[in-house]
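Grab a viewer and work through these exercises on the model shown here. Each task is followed by a worked solution.

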Amino acid sequence: MYLTIIRGYYSQLCGFYADASLSDMLLVLSILLVPLHSCEAESVFLAENMSHFTVLNDTEVLYCDSDANFFILSTQSPDSARTWDPGWDPTQRGWEEATTLVHLCASPDGQWVCFARFVAIPESMLQTDEIVPWPLAVVVAPVYGTTAWLAALAWEVGGGPGFDFTLDSMNLYGQPFVSSETNLEDFLAYFRRDPDRERVEAFSIINLQSGERTGSGLCFNDGYVACPYSDLVAADDMCIGVIADISTEEIVFGNPEDTEYRFEVEKWVLEDAILVRKDGEQCLLYADGTVDENPGENEISVYCWMPGGEYVFSTDGGRTVLYGNIDWENFTSGEAVIMSDFPFRLSIWDKILPMTDGSGIVFYSYELEGLVFYPVPGIVD
């Protein structure tokens, strides 16, 4: 890549400085031969004893440890992590306590966080020999404030739980929500199918301003895969039956009643297209139903789609990790840069998040047993 740049500058120099002396030309070329960006990068170990994490902005990461304590740290100074308290107490709504955390995500604008934790049911509220599974408390909290909101209850069943924010950060959506109010009495009445208590209509979307619950036709009980840069989701989880637009609450591809799934999910790679497998072949499925097969000999493993449109990916099963743009018309990337000596194993199934400015990726390292930040080429000074 650098040779291409140098040749281009050399051609310009030959045109503009045809009358320059040889010594002047050699001086200019010696400056151009200094790499514009180093492909070498060093990982930054952020935290150990980590269970869940999410990216907040250009430099900050929120993570939860194995004891369900929250911390915010900077990729630039990970040793200065500070505790984060959402200011939420489940006992104020009749629950006994909150236990294991199973989900954590942040809104696109970095202002909101959603987390889901199991909440315990007091034994005094249970009938004799009654066994009631603990639900998940789905909590929305401002990053820079202490006014957390118990938005809904959910189950850990099927392909869930999973929750995300719409691109405008105005709505939370996900599954599988419990069709009840969030207090203990209403939940028990729902579980016991109490005929004297009005039941809440099924929903999958919650408006963060009004609290209105909608999306009864988009309850993907077997999970979904959300596009990070649009409001499209592919459902259900590992096998696509439909593609839906959360912002309009419409099915744009497929039939939710059709149980004959045709596509195995890989990764969203465009705002309207997701990498899938059809009959064992890698394809690109567009939201309008168009399917383009990978015409090349090598399959592309996309690990992370960056905010600037670049990808962290591999074409040899992960032995070589690349960074750059991909031409999805022919599944090629002529300008990709090798992330030299990349010491970590990555999988398309791992949670790998980009910083919001595209400066690097954050992921859990099995080699180091902790959270790691890795700068991408072209951003490192």
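**Exercise 1. Find the partner of Glu 130 in a salt bridge, then say which parts of the chain the pair ties together.**

Step 1: Glu 130 pairs with Arg 192, and their closest N and O atoms sit 2.7 Å apart. A salt bridge here is a side-chain nitrogen of Lys or Arg within 4 Å of a carboxyl oxygen of Asp or Glu.

Step 2: Glu 130 is in the loop between β7 (112–119) and β8 (136–142), while Arg 192 is in the loop between α3 and β12 (205–207), so the pair ties together parts 62 residues apart in sequence. Helices (H or I, at least four residues) and strands (E, at least two) are DSSP runs, numbered from the N terminus.

Step 3: Glu 130 is buried at 18% relative accessible area, whereas Arg 192 is partly exposed at 30%. Buried means under 20% relative accessible area, exposed over 50%, and partly exposed in between (1.4 Å probe, protein chains only).

A word on the ground rules: this is a predicted model, where local features need pLDDT of at least 70 and side-chain atom pairs count only at pLDDT 80 or more, while totals for chains, interfaces and linings use all residues. Residues are numbered from 1 along each chain as its sequence is written, and side-chain values use heavy atoms, with hydrogens and water left out.

**Exercise 2. Look at the backbone of Asp 279 and Phe 331: is each residue buried or exposed?**

Step 1: As background, most residues other than glycine have a negative phi, and most peptide bonds are trans.

Step 2: Asp 279 has a positive phi of about 55° without being a glycine. You'll find Asp 279 in the loop between β20 (273–278) and β21 (281–286), exposed at 73% relative accessible area.

Step 3: Phe 331, also not a glycine, has a positive phi near 60°. Its loop runs between β25 (322–324) and β26 (337–338), and Phe 331 is buried at 7% relative accessibility.

Step 4: While you're on the backbone, look at the cis peptide bond between Gln 175 and Pro 176, with omega about -5°. Pro 176 belongs to the loop between β11 (171–175) and α3 (184–191).

**Exercise 3. What does Thr 75 touch, leaving aside neighbours within four places in sequence?**

Step 1: Locate Thr 75 in the loop between β4 (70–74) and β5 (82–83); Thr 75 is buried, with 8% relative accessible area.

Step 2: Its contacts (heavy atoms within 4.5 Å) are Val 44, Leu 46, Thr 59, Val 61, Met 355 and Phe 373.
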